[in-house]
Amino acid sequence: MLVRNLVRISGLHFPSFYYYLFQVALLLLLAWSNAVIIVDGYGGQCSLNPTLDPRPHSVSILEFGAVGDGKTLNTIPFQNAVFYLKSFADKGGAQLYVPPGKWLTGSFNLTSHLTLFLEKGATIIGSQDPTHWDVVKPLPSYGRGLEVPGGRYQSLINGYQLHDVVITGNNGTINGMGSVWWEWFTLHTLNHSRPHLIELVESDYVVVSNLTILNAPAYAIHPVYCSYVHIQNVSISAPAESPFTVGIVPDSSNNVCIEDCIVAMGHDAISLKSGWDEYGVAYGRPTENVHIRRVTLSAFSGSTLAFGSEMSGGLSNVFVEHSHVLDSDKGVQFRTTRGRGGYMKEIVISDIQMDNVYVAIAATGHCGSHPDDKFDPNALPHLDFITLKGVIGRNITVAGSFAGIEESPFTNICLSNITLSINSISSAWECSNVLGSSDFVNPEPCPELRNPTNSSSSCFYLLSTSGRKASAL
């Protein structure tokens with residue numbers, strides 16, 4: 001904790017009671033100051049770097065009759081291999097080794113205490129035949145498929161209620177061969193909503209690392225209802241024209257780290273979600289405690305870093321730092337609309353480099369559709385305590401665009417040390433139904449965001465390396 005570190009640095013050793021009083025006093029002092037405070041050295045979730053110990057047992061997919069010629073369908077070998085490896089769950093777990101080759105497959109499920117390892121030169125290829133992808137029920141926090149009512153195609157690599165799962169390799173590749181899915185989506189000929197490439201549901205202690213992921217039909221990595229997810233050193237891409245493809249989507253999940261990744265997608269690079277309208281409200285599981293650092297992001301038609309618009313379960317305690325966004329329609333965007341309910345709050349974005357971005361910072365309360373006509377139009381979302389600090393942008397067209405909801409304006413937006421080089425003579429900032437504060441921001445923001453940080457407007461800040469937080473009151 002910051003307070004404990006201060007005590008230690010001073011050389012003092014307070015009894016626990018006085019230490020507690022000191023902590024409370026510091027919090028009150030910070031609250032009264034209304035300052036934007038982001039503690040250097042904040043560790044966050046990414047400080048809990050998991051160690052990938054070797055599994056005591058390992059088998060090759062070749063032992064189950066798989067053929068890596070890019071033509072032979074290997075769904076059954078993958079399914080049989082995972083079924084066999086279940087028997088090692090109570091013996092320290094096992095590894096499924098995928099050697100160099102092109103391994104065509106339909107969807108298959110993983111098991112607990114399993115490592116799926118893709119060797120360099122190994123490519124798992126998703127079948128372009130939709131009959132090779134199972135159809136599953138919609139997620140309960142969405143109520144229906146996102147694109148087509150009813151069920152959805154199961155993702156290529158799946159896990160349900162699993163513990164201790166690793167998908168990694170020596171820069172092996174997963175290629176979703178998404179072009180046929182993009183065409184069916186564009187032509188409105190899908191029978192069910194498109195599949196993702198990797199989806200873990202109600203699972204914990206998940207690692208995805210050291211992979212290249214290409215051409216996802218929809219999302220590349222989708223942890224939903226998960227805890228303790230670590231995504232590291234992954235390169236994810238899809239063509240700019242691929243419709244509504246998204247790289248990494250933490251969805252109603254907590255304790256998530258995304259670090260050292262390169263993501264370039266047709267729509268969003270990273271998008272945080274938590275359910276859709278009344279279904280997300282009823283399910284009631286937020287996305288929280290998310291740490292994103294040292295990522296390079298590009299998003300052709302969407303946002304490099306998106307919050308929502310499906311955020312009805314809530315989004316909070318998110319820290320993004322030391323990242324580069326480029327060649328994108330929008331840099332950072334918060335999305336919601338009437339009927340969503342939920343909240344987006346306690347989010348800090350710090351030390352960001354932007355290049356060739358049309359809109360650097362955006363927030364809108366008028367984005368997204370509804371799953372059906374059962375949503376409550378009076379369920380208003382709340383956006384509060386958002387801090388952006390240390391942003392440098394080059395070749396930016398619009399510095400910021402904020403369009404809140406009249407009955408629920410966006411509040412406590414804090415901007416600090418932001419310099420954006422604007423390439424047009426149009427208005428740099430667009431604001432409505434938003435309140436906030438700013439210091440050292442160029443170009444100067446709109447009046448609604450021009451309150452100094454020592455005014456009645458307050459700012460959210462991270463307090464300590466343990467992820468604890470506080471806000472000025």
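Reply: Cys431 and Cys446 are both buried. Buried means under 20% relative accessible area, exposed means over 50%, and partly exposed falls in between (1.4 Å probe, protein chains only).

A note on the basis. This is a predicted model, where local features need pLDDT of at least 70 and side-chain atom pairs count only at pLDDT 80 or more, while totals for chains, interfaces and linings use all residues. Residues are numbered from 1 along each chain as its sequence is written, and side-chain values use heavy atoms, with hydrogens and water left out.

Now the bonds. A disulfide here is a pair of cysteine sulfur atoms within 2.5 Å. By that rule there are two disulfides.

One joins Cys431 to Cys446, with S to S at 1.7 Å. The link of Cys431 and Cys446 is left-handed, with -60° about the S-S bond. Cys431 sits in strand S28 (residues 429-432), and Cys446 in the loop between strand S29 (434-442) and strand S30 (460-462), 15 residues apart. Helices (H or I, at least four residues) and strands (E, at least two) are DSSP runs, numbered from the N terminus.

The other disulfide joins Cys46 to Cys257, S to S 2.0 Å. The link of Cys46 and Cys257 is right-handed, at 105° about the S-S bond. Cys46 lies in the loop between helix H2 (16-33) and strand S1 (57-60), and Cys257 in strand S18 (residues 254-259), so the pair ties together parts 211 residues apart in sequence. Cys46 is buried at 1% relative accessibility. Cys257 is buried too, at 0%.

Cys261 next. Its closest cysteine sulfur, in Cys257, is 8.3 Å away, too far for a bond. Cys261 is buried, at 1% relative accessibility. Cys226 also counts as buried, at 0%.
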